[in-house]
Amino acid sequence: MEFIKNTKINFVSKSVRRKAFFFSGVLIAVGLISFIIGGGFNLGIDFAGGSIIQYRFEERPDISEIRDVLKEAGLEKSIIQTFGDPNEIMIKLSEGSDVDLLKRIISKEYGEQADLRREETVGPSIGRDLKRQAFWAVLWSLIGILIYISWRFEFKYALGALAALFHDVLITLGAFALFKFEFNTPVLAAILTIIGYSLNDTIVVFDRIRENIRIERPRSDAHYEKVVNGSINDSLSRTIITSLTTLFVVSILYIFGGEVLRNFSFALLIGVLIGTYSSVFVASPILIEAHLRVGSKK
Amino acid sequence: MKRVEKWKWVLIILVFVLMVLTSLPSAGLIKDEKVAKFFPGEVNLGLDLQGGTHVVFEADLDDLRQKYAERNQELKKSDIEDAMARAMEILTNRIDKFGVTEPLIQRQGDNRIVLELAGAKDPEHVAEVVGRTAYLEFKLVSDVDPSEYLDEKGELLENKSLPQHLQLRYERDEENNRRIPYLLVKDQVVPGSTLTDAFVSTQNAQYVVGFRLNAAGARDFARITRENIKGRLAILLDDTVVSAPRINSEIPSGEGIIEGGFTPQTARDLALILKTGALPVKLDVAEERTVGASLGRDSIRAGIKAILWGFIAVIIFMMIYYGLSGVVADIALIFNLIIILGVLVLFNATLTLPGLAGIILTIGMSVDANVLIFERIREELKSNKSIGKAVEYGFSKAFITILDANITTIITAVVLYNFGTGPIKGFAVTLMIGILASMFTALFVSRVIFQTVLARKNVTRLSI
């Protein structure tokens, strides 16, 4: 079986490049605007501090009733939401709230009906440290990858790969800002994974471009563009099928993997999708732009 | 086509057998006790999967510094180091006395201690109790009338200040939700460091904690009680008054009891932590995560379900899309999963919920390598190469691409491992093992299978 046979799609002509850059620009801008308007990310307690408590009720609980009970105890600022299953309730408390009070109230009100499933409290010092560590983790992986690509590829390729990389990470972050999905440590791990994985497809395409350029030795810019486009078409099947298998499993993780991993798998889902798109529509066009500007000097 | 060297198959079979043997008991995720008996060693489950408590204690260095300042001493780095080492020791001792199996106690950074308790009956409670400072003191209650200095709520009156020799401490009255103020005489004190033993006892059908002091403590205790008969002696635990009984007669033995409306459990807890000595520095809970065993079980179920479906989807897709070659890729994939489990057990690594996610991700990524190879073989076949040549080229040309693509992911996995906390480390570990294993299975195992088949049979049409 073969889905993609001998395609001759024009991926990188000037007009397509423009449209692609415009599209990516819009996606990034949407993320950026939601970030600014929405007041940043919906940070989980890992970063922001605070507590979450998760209960499983025997019967579907009435959230507004729980809210009233908590209000009486002066915990009206807590966020109450279902967690995956309607019987599963997660209560989020801000930093410094009295978790024990909450537990006492719930156990007084609901007794055996409410099973305490999870309790997490993170103080401000941990959140602060985590932010710092996250910054270094992202920086180090970027540096590591930068070194690797510049070692393996010419400078202009590295430019294309990096552009795709930032593109993927920015859009994934943007999606979190837009949909207000909670940003916690696993999501950060997903972002780092995307940094690594985003290059996967890009490298598949770039390897082919490099190979074909060695064979064809393009004499003009138009010829260069043609070789790049041909290489994308050559490797299109690989690009799509490899992403497809990863996309399969990530979607399944998103659907079946449980609520705890929902945000994590969402990040991966967006990252893999965008990563596939960017290897064709960002990395290669940037490579051509870089070639046009820098030329083919070694 | 030339025959495949024997050692390649020997290596494959060796790895296979080793990994199957080590990973079998861990299929104890699917539970089979008979198998587990023959092959001890299961994969470690993280707290998020088996349930348990993870606590990060942070030493209150400001508090320690202040205590040193009161004694006109400067807090040096070596003092902090000593205090932390002693705190570790005492915590270990206390956990031990609680009878928790396989606790994990670790220093983290300069002033943090990580405590992980799995499988304890009420791990959160244990963590809460062992983290108490448990600094015991006996101080004489002053006979100054408190209303001279305090308002009805027990707060110091605005225009008053306490005399130098007095201090204000409170007793919590949970029932009436208020606090009872006490004015204590600062220098009439028996420090808790003189305590040698603490035990649960009963008096008038009430649970109490009995204590015994050493010679020096007993001497001070005798003096204060002798000189202040009819006065009151406050018993303070971590600067909070537990009770303040009236002194009826001199207590020369250095033995006594603490009353405080204890339940059997709270009395036992207090006796235990008093006996192990006070922590040299106050520990604050900087982070606490408790996962119930039921949620852990659900997470395992969800994770295994996702792995199973992802696995089935990918296996079927590969078979349909690449025919018999897809079957070879599927064999490589199954092999890969066995290796991940086996290596996790061999290296005594911990499997966490994100770790399960890492395995799922690996399922997708590991067939990537085969897809790259197969697509390449298809291309080579199209350019009219012989089957043998096409397969050789396919593998050798895809090799570099696969290497490049995987190394970038490994780089981020290594960073994640170094930066991450428990669960995230688990993710990095399975991701790394999975990627390395997939290079072995996709590049080596499936290649050897191809070569063997092509060498034995006269294949005229490759099913790919």
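Predicted model: local features only at pLDDT ≥ 70, side-chain atom pairs only at ≥ 80, totals over all residues.
**View 1. The contact between chain A and chain B.** Chain B contributes 55 residues to this contact, and chain A contributes 52 residues. On the side of chain B that touches chain A, the elements giving two or more residues are the strands β2 (52-59) and β13 (283-291) and the helices α9 (293-346), α10 (353-382), α11 (387-419) and α12 (422-456). Helix α9(B) supplies the largest share of that side, 15 residues. By residue class, the side of chain B that touches chain A holds 32 nonpolar, 13 polar and 10 charged residues.

**View 2. A strand pair formed across the two chains.** Strand β5 of chain A, residues 114-122, pairs with β13(B). The two strands are antiparallel, and five bridges link them. One bridge can be located by its residues: Arg118(A) has Val291(B) in β13(B) as its partner. Strand β13(B) is also among the elements that give two or more residues to the side of chain B that touches chain A.

**View 3. Helix α8 of chain A against helix α9 of chain B.** The crossing of α8(A) past α9(B) is right-handed. From α8(A), the residues that meet α9(B) are Thr245(A), Phe248(A), Val249(A), Ile252(A), Leu253(A) and Phe256(A). They face Ala302(B), Lys305(B), Ala306(B), Trp309(B), Gly310(B), Ala313(B), Val314(B) and Phe317(B) in α9(B). The residues of this helix contact divide into 11 nonpolar, two polar and one charged.

View 4. Strand β10(B) spans residues 233-237, and five of its five residues are buried. Both faces of the strand are covered. Leu233(B), Ile235(B) and Leu237(B) lie on one side, while Ala234(B) and Leu236(B) lie on the other. Strand β5(B), residues 136-141, runs antiparallel to β10(B) and is joined to it by five bridges. Within this pair, Leu140(B) stands opposite Leu233(B). Strand β11(B), residues 240-243, is also antiparallel to β10(B), with three bridges between them. Here Leu237(B) stands opposite Thr240(B). The hairpin of β10(B) and β11(B) has two residues between its strands, and Asp238(B) takes a positive phi near 50°.

View 5. Gln167(B) belongs to strand β6(B), which covers residues 166-173. With 15 other C-beta atoms within 10 Å, Gln167(B) is partly exposed. A residue is buried if that count is 20 or more, and exposed if it is 12 or fewer. Apart from its neighbours within four places in sequence, Gln167(B) is in contact with Leu162(B), Leu184(B) and Lys186(B). Leu341(B) is 174 residues from Gln167(B) in sequence, and the C-alpha atoms of the two are 61 Å apart.

**View 6. Ile33 in a helix of chain A.** Ile33(A) is part of helix α1(A), residues 14-37. Ile33(A) is partly exposed, having 13 other C-beta atoms within 10 Å. Ser141(A) lies 108 residues from Ile33(A) in sequence and 26 Å from Ile33(A) in space, taken from C-alpha to C-alpha.

Key:
Residues numbered from 1 in each chain as written. Chains lettered and ligands numbered in written order. Contact = placed C-beta atoms within 7 Å. Helix = DSSP H or I, 4+ residues; strand = E, 2+ residues; numbered from the N terminus. Nonpolar A, V, L, I, M, F, W, Y, C, P; charged D, E, K, R; others polar. Pairing = 2+ DSSP bridges. Left-handed = near helix turned anticlockwise from the far one by under 90°.
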